[in-house]
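Please open the structure in your viewer and keep the selection panel at hand. The tour below moves from one selection to the next and says what is to be found at each stop.

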Amino acid sequence: MGRRTLGGLREWVAVAGVLAIVAGGAADGAAASSSAEVQVDAAAQVAAVEAVLERRATAVLQHDEGQFLADIDPYNKNLRASQKVLFENLVQFGFSKLAYRQGEAQYDQALLDKYGPTAYLVGGVMEYQIDGIDELPAQTPVGYTFVKRAGRYVLVDDSYLDTDQPDSPNQEAWDTGPVLVQRGPRTLVVVEPGRTEVAKTILADAQVALKAVNRWWLPDWKGGALVIALDDTKVRSTDFKGPVWNDTAAVATPVRRADAGFGGSYVVLNPRDRGQIDAGSLAHEFTHVATASDGPSAPLWLVEGMAEYVRGCRWPASPLSIWRSTASWCVRGTWTRRRRCRPTSSSSARPKRAPTRSAGTPSTIWSASTA
Ligand SMILES: [Zn+2]
């Protein structure tokens with residue numbers, strides 16, 4: 001059944017008049033029942049959930065797992081286990097800021113049937129800033145379902161967006177399961193637990209790549225880069241098993257800023273090609289990260305041209321040479337680029353792939369190949 005907004009919910013509550021109260025102690029997935037009746041107060045519902053979300057953010061910032069789990073349905077063992085993993089993931093990212101913003105409440109009869117009349121489905125955003133990585137606060141969508149149990153609201157489901165948009169892989173790196181986050185200078189690498197050597201290799205290449213971006217394109221750029229190197233093929237709008245991204249080894253995925261603009265990128269590696277990524281490939285992607293503030297409307301030939309320039313060129317970085325090289329790359333193609341440039345890393349002797357154009361959508365701009 002379709003969903004309605006909070007206005008619709010209030011209307012529904014008014015028509016219903018009195019509703020069955022949901023008592024504490026309901027089993028997983030089962031709507032509680034009671035002979036008592038109560039009017040659902042929409043305003044109080046919003047306020048109660050707001051308090052839960054504030055405690056949730058504070059718990060992450062203060063590394064307080066007990067507080068984080070205190071607002072999770074105590075009878076849903078699977079949800080508590082997944083939320084425990086989520087908490088352990090979130091604290092590793094080192095957020096300097098974190099908050100959850102409520103959007104409009106949604107109406108779903110199926111949820112009311114499942115959880116009872118106090119079920120409260122709300123979409124919103126997780127607003128955050130990763131220390132050393134995000135120059136401005138960023139945000140990502142979340143969808144939560146709360147139910148009133150024993151006089152307070154608890155989280156009973158966090159998969160609203162997953163079921164609402166099954167074909168849109170909007171999950172962040174911390175949503176994928178247990179992860180290991182390794183931090184280096186201006187760099188954060190996300191891998192599966194136990195893959196410290198993979199993380200170390202990427203961190204070492206990242207330092208070379210960051211220097212290349214500073215030397216050949218943006219000397220004043222002091223930002224950081226997040227590299228996601230997980231087995232999951234659907235992270236941050238990627239779908240490496242799909243026809244668009246299958247031949248792409250790495251992609252710089254845009255980050256939505258709290259002001260609704262796009263001002264950064266996180267790099268996601270294709271798990272199939274993870275072993276082929278080197279400093280040159282990261283230099284290409286980090287150039288996208290550093291120039292992401294130019295916006296999605298920047299010409300593709302320009303953003304890809306300067307990324308390839310940083311990746312492999314050793315020309316004097318004068319403005320004239322930059323424009324000449326970029327125009328040459330655009331007009332004459334990869335033959336000119338490969339003839340005149342050399343790799344920035346000796347480890348780039350690897351299978352070559354043809355450059356892949358981005359899909360051009362806001363969520364998937366600035367893709368890159370390992371060519
Ligand atoms: Zn690119």
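**The core and its neighbours**

Begin with the largest nonpolar core, which has 81 residues, and select Val 190, Val 213, Val 227, Ile 228 and Val 267, the members that touch the most others. A nonpolar core here is a set of buried Ala, Val, Leu, Ile, Met, Phe, Trp, Tyr and Cys residues joined through C-beta atoms within 7 Å, and a residue is buried if 20 or more other C-beta atoms, placed from the backbone, lie within 10 Å of its own. Next select helix α7 (residues 196–216), which gives the most to this core, with eight residues. Colour domain 1 (6–166) and domain 2 (180–368) separately: both give residues to this core, so it lies between them; the domain bounds come from an automatic or database domain assignment.

This is a predicted model, in which local features need pLDDT of at least 70 and side-chain atom pairs count only at pLDDT 80 or more, while totals for chains, interfaces and linings use all residues. Residues are numbered from 1 along each chain as its sequence is written.

**Helix α4**

Now select α4 (residues 77–93), a helix of 17 residues that reaches 25 Å from its first C-alpha to its last, close to the 24 Å expected at 1.5 Å a residue, where the expected span is 1.5 Å times one less than the number of residues. Helices (H or I, at least four residues) and strands (E, at least two) are DSSP runs, numbered from the N terminus. Show Leu 79, Gln 83, Phe 87, Asn 89, Leu 90 and Phe 93, the buried residues of α4, and then what covers them, including α2 (42–61), α3 (65–70) and β3 (95–106). Just after α4, Gly 94 takes a positive phi of about 70°.

**The open sheet**

Finally, select the four strands that form an open sheet in the order β3-β4-β5-β6, with antiparallel pairing; strands pair if DSSP finds at least two bridges between them. The edge strands are β3 and β6, each pairing on one side only. Nine bridges join β3 to β4, and Gln 102 has Gly 124 in β4 as its bridge partner.

Conventions:
Buried ≥ 20, exposed ≤ 12 C-beta atoms within 10 Å, placed from the backbone. Contact = placed C-beta atoms within 7 Å.
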